[in-house]
Amino acid sequence: MPKKRSGGGLTGPQQAAKFLGVSVLSGAVLAGIALPAVGALGLAAKGTVKGFDEIPANLKTPPLSQRTTILDSQGGQIATVYSRDRTVVSLKDVSPYMQQAIVAIEDSRFYEHGAIDLKGVLRALNRNAQSGGVSQGASTLTQQYVKNVFVEEAGDNADKVAQATQQTIGRKIQELKYAIQVEEELGKKKILENYLNITFFGQQAYGIEAASKRYFSKSAKNLKLEEAAMLAGIVQSPSRYDPVNDTQEATKRRNTVLQRMADVHDITQAEADKAKAAPIGLKVSKPKNGCITAVNGAGFFCDYVREVFLSDPVFGKTKEDRAKVWNQGGLTIKTTLDPQAQKSAQKSIKEHVYKTDQVATAVTMVQPGTGKIVAMGQSRPYGFGKTETQINYSVNQGMGGSNYGFPVGSTFKPFVAAAAIEQGKPPTQVYPAPYEMPYPASIPTCSGKPWVNLGNQQLENENEKEVGPYALKEAMAKSVNTYFVQMVGEIGLCPVVEMTNKLGVVEGNGKKLPESPSALTLGSRGISPLTMANAYATFANRGTYCTPTAIESIETADRKNLEVPKSTCGKVMSEQTADTINTLLRGVIDSGTGQQAGLQSRDNAGKTGTTDGRRNAWFVGYTPNLSAAVWVGSPTQQVKMERIYIGGEYQDKVFGGQVPGPIWRDAMTGALEGKEALPFITVPIPDPPKQKPEKPEGGKPGDHRGQDNGGQDPFPDISIPPDLIGGGNNRGQGNGGTTGTFP
């Protein structure tokens, strides 16, 4: 067992008196360590007392930067993040061998002197006089602690770190004054504890607990004699005595520490010799820092949590304030992530889309009624490799997502239907809905200035067989483009704008959607999966919208709870409207374009979407207790999903119900396993009598069949990427560039 060594220390005034007394006795030589020879501090030797007293007495000891732990909703660890890998521990949780080893090698008279070791000062004076400079600092362990506080306070600011470590007389005086104060206020045991927690031990490990786990994969309280000696030896020069990179040098240094412990009678010579003969015995644990280490593919959710923290004013008034708290660390963040849902989402992703595929997928799940994000994953892992990315395809640009989101196609149509029903349109509303047609000549907008179809812009349905008249139920199930454009032409664009605003639907860059029929009917603008999943959750929640949230609670290192942003909920449509949408979207899965996505054991509803060129395919669906959005496509929007392999399977043409649908089905099945199967409250929607479509005359102005616009740009007044919202270039119908979206 290690032997205890008693010791004490002089009071602050006694230390100051002794320091000044030696200065007088040593004359100009000691004044050289107290003050610059030429008076860089503006003081002469006789001014030592005055200069000493003028140095500020308040030593700021910042809370030590520690690791932050991010947990899922069940308390499981997702990842740890830190600017300093440090876990603060009390002295009772540090091996007595470690306490003795660090004192023996760094300041063997620590318990016998005060803040200043006068013998050490005189020894340093002799060395400095011989060298003509400051070659030996005579620093006590207390002074080293003070210096480390300055370094910690400097953070990652290179200039401040340089100032904190500079070897100048002025810096020495400052350290001496602060050391006296620290000795008086903290006492020996607390100083030793703080020193062991603040010191850098190399290999990104700050503090003894992190160092013990880094080199030996154990807690500091379990360190053996030879292990403690090795760690104590590192402190003087972490790079030189790094045992990972230079075992021989580290072993020599360890043995020096062991011998010093024997010399000061902490251990016997026999104990020292036995420990010297032991192998270095490393069991290195690699640093696990950042969202790249997150489990179950939750790296992007982890990064989203960081973005929420850095952007929400609840954590600080300014971005700098929030960043300071985040970098300080020591937080335990409990999130909304459901491990069951996350594992299921990631499992489905891996089975259906490979990370090496030309296209990618993103899946996001939200809990209706709370806004809690319970899963977030994608096929390209979080990282820096060839098939990896740090772009979170599930969220908006401002939260680490893609620049614009991804065009959502026909998954936008339920918003149009909800707006129309809120305006009084019945769910049995019938429109002619021809195969193709021009956009209305003009459509009212919120601004009062109508949108005008100046270029005789056209749109069409997926195939020539889709010819009305249709009622809303069938039009939704078959995703009939012309039906919904006619609906918007009647109700105007403003009700759709108001509805999407209330549902939190914005473009991926955070901007509001433009007032145009292509954007507000056919889903031509980019939107994030999180936005879509959360908007659809409103239907599941019978018309009450809740803002998305990712953080449930945050506890600081000193066990205080921080305020966290809460989800805010409000009614944005009537329950009758939401129930009607739920009934309509059940039809999409039961008999429409989303049949491949349907769940067999519980009520579910959803909508497919595919944009022109098949650059994006979507399925957004929900049950009463879970909503999820699945996007599949090219993040750069350069890949047309035709004659393509996805997840090892050949796809001739990708549709929303064909690839995203099965991903949604499998992810939801696992996420909901063991959860209550709640029913929707539906409304009766009778089918109208079937009418025969009128046969149009071909080739005349106003015809909606066989129309050719000569290959001109159908959207001359709207900036839309080629083939973004229509299928005119891919179905070989000879329509000369007419546009629309696919189901």
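# Exercises on a predicted model

Counting cavities of 30 Å³ or more gives two in this structure, which is a predicted model.

## Exercise 1. The largest cavity

Task: Determine how much space lies in the largest cavity, which residues line the cavity, and how the lining divides by class.

Solution. 
1. The space in the largest cavity comes to about 40 Å³.
2. Its lining consists of Val-366, Gln-367, Pro-368, Gly-369, Gly-371, Asn-534, Ala-537, Thr-538, Asn-541, Thr-544, Tyr-545 and Cys-546.
3. Two elements, α22 (529-540) and β14 (544-546), each give two or more residues to this lining.
4. By class, five of the lining residues are nonpolar and seven are polar, while none is charged.

## Exercise 2. The protein as a whole

Task: State how many helices and strands the protein has, and what share of its residues is buried.

Solution. 
1. The protein contains 24 helices and 22 strands.
2. Of its 743 residues, 57% are buried.
3. Among contacts with a separation of 6 or more, 72% are between residues 24 or more positions apart.

## Exercise 3. A sheet of five strands

Task: Give the order of the strands in the open sheet that includes β1, and identify the helix that packs on this sheet.

Solution. 
1. The order is β2-β1-β3-β15-β16, with mixed pairing.
2. At the edges stand β2 (77-81) and β16 (561-562), each of which pairs on one side only.
3. Within the sheet, β1 (residues 68-71) and β3 (residues 332-335) run parallel and are joined by three bridges.
4. Ile-70 has Ile-333 in β3 as its bridge partner.
5. The helix that packs on the sheet is α14 (residues 299-311), which touches β1, β2, β3 and β15 (551-555). The direction of α14 makes about 55 degrees with that of β2.

## Exercise 4. Strand β18

Solution. 
1. Gly-609 stands opposite Trp-618 in β19.
2. The two strands form a hairpin with five residues between them. In the turn, Gly-613 has a positive phi of about 80 degrees.

## Exercise 5. Two residues

Task: Decide whether Gln-342 is buried or exposed, decide the corresponding matter for Glu-676, and list the contacts of each residue beyond four places in sequence.

Solution. 
1. Gln-342 belongs to helix α16 (residues 339-352).
2. The relative accessible area of Gln-342 is 1%. Buried means under 20%, so Gln-342 is buried.
3. Leaving out residues up to four places away in sequence, Gln-342 touches Asn-296, Gly-297, Ala-298, Leu-337, Val-374, Ala-375, Met-376 and Gly-377.
4. Glu-676 is located in the segment after α24 (660-672).
5. The relative accessibility of Glu-676 is 58%. Exposed means over 50%, so Glu-676 counts as exposed.
6. Apart from neighbours within four places in sequence, Glu-676 is in contact with Arg-602 and Asn-625.
7. Glu-676 and Arg-602 are 74 residues apart in sequence, and their C-alpha atoms are 9.0 Å apart in space.

How values were computed
Residues numbered from 1 in each chain as written. Predicted model: local features only at pLDDT ≥ 70, side-chain atom pairs only at ≥ 80, totals over all residues. Heavy atoms only, no water. Helix = DSSP H or I, 4+ residues; strand = E, 2+ residues; numbered from the N terminus. Buried < 20%, exposed > 50% of the residue type's maximum accessible area, 1.4 Å probe, protein only. Contact = heavy atoms within 4.5 Å. Pairing = 2+ DSSP bridges. Axes fitted to C-alpha atoms, helices over the stretch in contact; angles between N-to-C directions. 1 Å grid on protein atoms, 1.4 Å probe; cavity = no way out; pocket = protein on both sides within 12 Å on 5 of 7 lines; lining within 4 Å. Points joined across faces, edges and corners; volume = space filled by probe spheres on them. Nonpolar A, V, L, I, M, F, W, Y, C, P; charged D, E, K, R; others polar.
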